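Here is a friendly briefing to read alongside the sequence and the 3D view. Please keep both open as you go through the points.

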Amino acid sequence: MCDAAALRPLWTVRAEPPGSPDAGALLREYYTEVADRYFALYEGRRSTPQEIEEGLAEYPSADLVPPRGVLLVARAGGVVAGCAGVRMLDARTAELKQVFVRAPWRGRGGAGRLLTAAESAAARLGAERVRLDTRRDLVEAVALYRRHGFAEIEPYHDDPYAEVFFEKRLGRRPSPG
């Protein structure tokens with residue numbers, strides 16, 4: 001019989017600068033994976049190193065820092081396993097960016113922990129709602145967001161790679177006292 005505790009490692013999620021070595025490696029892996037999936041689907045090939053560099057430059061993570069953003073890094077049993085970024089679009093709206101869990105850690109609760117932490121971070125930044133975009137071919141991401149209460153909305157920007165847009169209203173926290 002399988003030990004369920006071994007399948008669900010202890011997850012920790014903490015804010016880190018996008019330029020830290022762990023965060024930088026995760027962001028590069030995230031971008032490589034989504035680019036490879038795109039090029040495999042539409043052109044039958046993998047992305048080139050030049051395309052990855054161009055994509056990282058076109059979609060920078062420098063705004064995932066306080067006071068208007070944060071990059072969260074998840075560790076599973078102390079091992080770097082995933083990330084999620086939050087940035088404020090306006091005074092009440094946060095955007096979820098670069099949600100990623102490394103392949104060996106998928107299916108072990110990390111994505112849900114990252115989403116919960118990202119929603120909390122967005123609320124601390126003053127957000128009342130969180131928006132995001134993704135592509136239809138990223139079926140795991142679409143299912144994850146729906147499972148966690150995100151509802152499909154009309155597009156809120158015109159990025160050519162964004163095909164599905166979601167929003168989730170954040171719960172109001174009771175006032176102290």
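Among contacts in the protein chain between residues at least 6 apart in sequence, what percentage join residues at least 24 apart? The figure is 63%. Please bear in mind that this is a predicted model.

**Overall fold**
- The protein chain has five helices and seven strands, and reading along the sequence gives the pattern α-β-α-α-β-β-β-α-β-α-β-β.
- With a radius of gyration of 16 Å, close to the 16 Å that the globule rule gives for 177 residues, the protein chain is as compact as a globular protein of that length.
- If you take the principal axes as your guide, the C-alpha atoms of the protein chain fill a box of roughly 60 × 50 × 30 Å.
- Of the 177 residues in the protein chain, 42% are buried.

**Nonpolar cores**
- The largest nonpolar core is made of 37 residues, and L96 and Y145 are those with the most contacts inside it.
- Two or more residues of this core come from each of these elements: α2 (21–43), β2, β3 (79–88), β4 (93–101), α4, β5 (129–134), α5 (139–147) and β7 (164–169).
- The element that gives the most to this core is α4, with six residues.
- To explore the surroundings of Y145, look beyond its neighbours within four places in sequence: Y145 is in contact with L96, V99, L115, L132, F150 and F166.
- There is also a second, separate core of nine residues, and L26, L71, C83 and F100 are among them.

**The cavity**
- You will find one cavity of 30 Å³ or more in the structure, and the volume of the largest cavity is about 30 Å³.
- V86, L96, L115, A118, E119, A122 and V130 line the largest cavity.
- Helix α4 (residues 110–124) supplies four residues, the largest share of this lining.
- Sorted by class, the lining of the largest cavity has six nonpolar residues, one charged residue and no polar residues.

**A closer look at A62**
- A62 sits in the loop between α3 (49–58) and β2 (69–76).
- Is A62 buried or exposed? Its relative accessible area is 60%, so A62 is exposed.
- Although A62 and G19 are 43 residues apart in sequence, their C-alpha atoms are 8.1 Å apart in space.

Notes:
Residues numbered from 1 in each chain as written. Predicted model: local features only at pLDDT ≥ 70, side-chain atom pairs only at ≥ 80, totals over all residues. Heavy atoms only, no water. Buried < 20%, exposed > 50% of the residue type's maximum accessible area, 1.4 Å probe, protein only. 1 Å grid on protein atoms, 1.4 Å probe; cavity = no way out; pocket = protein on both sides within 12 Å on 5 of 7 lines; lining within 4 Å. Points joined across faces, edges and corners; volume = space filled by probe spheres on them. Nonpolar A, V, L, I, M, F, W, Y, C, P; charged D, E, K, R; others polar. Core = buried A, V, L, I, M, F, W, Y, C linked by side-chain atoms within 4.5 Å. Contact = heavy atoms within 4.5 Å. Rg over C-alpha atoms; globule rule 2.2 N^0.38 Å.
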